[in-house]
Amino acid sequence: MTGFISKCALRSAALTLAIVATGATAASAADKISIMVGGYEKQIYLPAKLAEALGYFKDEGLDVELLNEPAGVDAENEMLAGAVQGVVGFYDHCIDLQAKGKFVESVVQFSQAPGEVELVSAKHPEIKSPADFKGMSLGVTGLGSSTNFLTEYLAVKNGVKLGDFTSVPVGAGNTFIAAMQQDKIQAGMTTEPTITRLLKTGEAKVLVDMRTVEGTKAALGGTYPAASLYMQTEWADAHKETVQKLANAFVKTLKFISTHSGAEIAEKMPKDYYVGDQEGYVKALDAGKAMFTPDGVMPQGGPETVLTVLSAFKKELQGKQIDLSKTYTTEFVKNAK
C-alpha cells in the first residue's frame with residue numbers, strides 16, 4: 001500500500017511538473033513577438049535596433065524578432081495578415097487604415113517630425129520648389145508608403161495635381177541613390193543616412209527639410225508625429241501585458257536617445273549602418289535626434305496635423321469622420337517603468 005501511495009505521489013509530482021513546464025512554455029511563447037520595421041537601418045527607426053542592442057527587450061523578458069521591410073506599406077500589410085504583431089513605421093497609416101475600416105493604433109510614438117527630406121538631383125536645378133514637380137518622376141520608398149503620402153501632399157499644396165507627376169518606388173539607400181544617378185527620378189523623399197550620402201557627393205540638394213520640428217511645421221503646418229510602434233487595436237487589447245513590456249523597453253530607449261550624444265548612440269548600432277562614413281552618420285544623428293520624443297507620448301495637436309495633410313489628397317478620407325482618439329493610445333507609455 002505504501003509503495004502504491006509513493007507511486008501515486010511520484011506520478012502526481014511528475015504531472016504537476018509537466019503542467020508547470022507547459023505553463024512556462026506558454027508564458028515564454030506569449031512573450032515572443034515579431035515586429036516588422038520599415039527599414040531598420042534608417043535613422044528614423046533607430047529606436048527598434050537600439051532597444052535590441054541595449055538589451056532592453058531581454059530585460060523585460062521579451063523575445064523580440066525584428067524583421068526588415070524597406071517600405072512601410074509592405075510592413076503594414078504583413079501585420080494585417082497576422083504575420084507580425086507590430087510595425088515600426090509611420091503613424092499616418094493608423095489614420096489611413098481607419099478610413100478603410102481597420103483599427104490600428106500607435107502604442108509608442110517615437111517621433112514628432114518625419115525625419116524626411118525631399119532631395120533634388122543636381123542634374124535638375126529647374127526644380128526650385130514642389131510647384132515644379134509637374135512632369136517629374138519622384139522617388140518614394142513604396143507606393144502607398146508615408147514618403148508617397150508626404151510627396152503627394154507637397155505637390156497638391158503647391159498647386160500640382162496628382163496625375164501631373166509620377167511616384168516611383170525606389171526604396172532607400174543604394175537603390176534610391178542609383179535611381180537618382182541614372183535619372184530615373186529627378187527628385188525624391190528619403191531619410192538619413194541616405195540624405196548625407198547624396199549631399200556629401202554633391203549629387204543632390206535639399207528642397208524640403210523635415211528633419212526638425214521647425215522644418216516640419218514650415219512644410220506641413222504643424223507637428224507631424226511619424227515613426228511609431230503601431231499594432232492592431234484588437235491584438236493590443238488582448239495582449240496588454242506584452243504591449244506594456246514593449247512600451248517599457250522603448251520608453252527607456254527614447255530616454256537613452258535624449259540623454260546621449262550621436263557618437264554614443266552610434267556606438268551601439270551595427271557598423272554597417274554607417275555605410276563607410278561613421279563621421280557623417282554621427283553628424284546626421286546629432287542634427288536629427290531632436291525629432292524623437294523623450295517619452296513615447298503622442299505630441300499634442302500632432303494627429304490633427306496628420307489628418308489635415310492626408311485629407312488634402314486622399315479621397316478615402318475626404319468627408320469621412322475619423323476618430324483620432326482610436327488611432328493612438330498613451331496608456332502604455334504613461335505606465336512605463
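Among contacts in this protein with a separation of 6 or more, 80% are between residues 24 or more positions apart. The model is a predicted one, and buried residues make up 54% of its 337 residues. The protein exposes about 14600 Å², of which carbon and sulfur atoms supply 54%. Its secondary structure comes to 15 helices and 10 strands.

Five strands build it in the order 2-1-3-10-4, and their pairing is mixed. Strand 2 (63-68) and strand 4 (104-109) stand at the edges; each has a single partner strand, so one side of each is left without a neighbour in the sheet. On average, and ignoring direction, neighbouring strands of this sheet are turned by 30° against each other.

Within the sheet, strand 3 (residues 86-90) and strand 10 (residues 227-232) run antiparallel and are joined by four bridges.

In the loop between helix 7 and strand 8 sits Asp-183. Its phi is near 65°, a positive value in a residue other than glycine. Asp-183 counts as partly exposed, at 33% relative accessibility.

Beyond strand 8 comes another loop, and Thr-191 lies in it, between strand 8 (187-190) and helix 8 (194-201). Is Thr-191 buried or exposed? With a relative accessible area of 3%, Thr-191 is buried, because the limit for that class is under 20%. Which residues does Thr-191 contact, leaving aside its neighbours within four places in sequence? They are Lys-42, Ile-44, Gly-115 and Glu-116.

The loop between strand 8 and helix 8 also holds Pro-193. A cis peptide bond joins Glu-192 to Pro-193, with omega at about 10°.

Helix 8 itself has Thr-194, Ile-195 and Leu-198 as its buried residues. Seen down the axis of helix 8, these residues fall within an arc of 100°, so they line one face of the helix. The buried residues of helix 8 pack against strand 5 (116-121), helix 7 (174-181), strand 8 and strand 9 (204-210). Just after helix 8, Gly-202 takes a positive phi of about 80°.

**Another positive phi**

Val-275 is not a glycine, yet its phi is positive, at about 50°. Val-275 is found in the loop between helix 12 (262-266) and helix 13 (278-288). At 38% relative accessibility, Val-275 counts as partly exposed.

**Salt bridges**

How many salt bridges does a search of the whole structure find? The search finds 13 salt bridges.

| Residue with N | Residue with O | Distance, N to O |
|---|---|---|
| Lys-49 | Glu-52 | 3.1 Å |
| Arg-211 | Asp-209 | 2.8 Å |
| Lys-326 | Asp-323 | 4.0 Å |

Take the pair in helix 2 (residues 46-53): Lys-49 and Glu-52 both lie there, three residues apart, about one turn of the helix. Which class does each partner fall into? Lys-49 counts as buried at 15% relative accessibility, whereas Glu-52 is partly exposed, with a relative accessible area of 32%.

In the salt bridge between Arg-211 and Asp-209, Asp-209 counts as partly exposed, at 28% relative accessibility. For the pair of Asp-323 and Lys-326, Asp-323 is partly exposed, with a relative accessible area of 32%. Lys-326 is also partly exposed, and its relative accessible area is 44%.

Finally, there is a group that goes beyond a pair. Asp-96, Lys-100, Lys-314 and Glu-316 are linked in a network of salt bridges.

Key:
Residues are numbered from 1 along each chain as its sequence is written. This is a predicted model: local features need pLDDT of at least 70, side-chain atom pairs count only at pLDDT 80 or more; totals for chains, interfaces and linings use all residues. Side-chain values use heavy atoms; hydrogens and water are left out. Two strands pair if DSSP finds at least two bridges between them. Helices (H or I, at least four residues) and strands (E, at least two) are DSSP runs, numbered from the N terminus. Axes are lines fitted to C-alpha atoms, for helices over the stretch in contact, and angles run from 0 to 180 degrees between N-to-C directions. Buried means under 20% relative accessible area, exposed over 50%, partly exposed in between (1.4 Å probe, protein chains only). Contact means heavy atoms within 4.5 Å. Accessible areas come from the Shrake-Rupley method with a 1.4 Å probe; for residues, only the protein chains shown count as cover. The arc is that of the directions from the helix axis to the C-beta atoms. A salt bridge is a side-chain nitrogen of Lys or Arg within 4 Å of a carboxyl oxygen of Asp or Glu.
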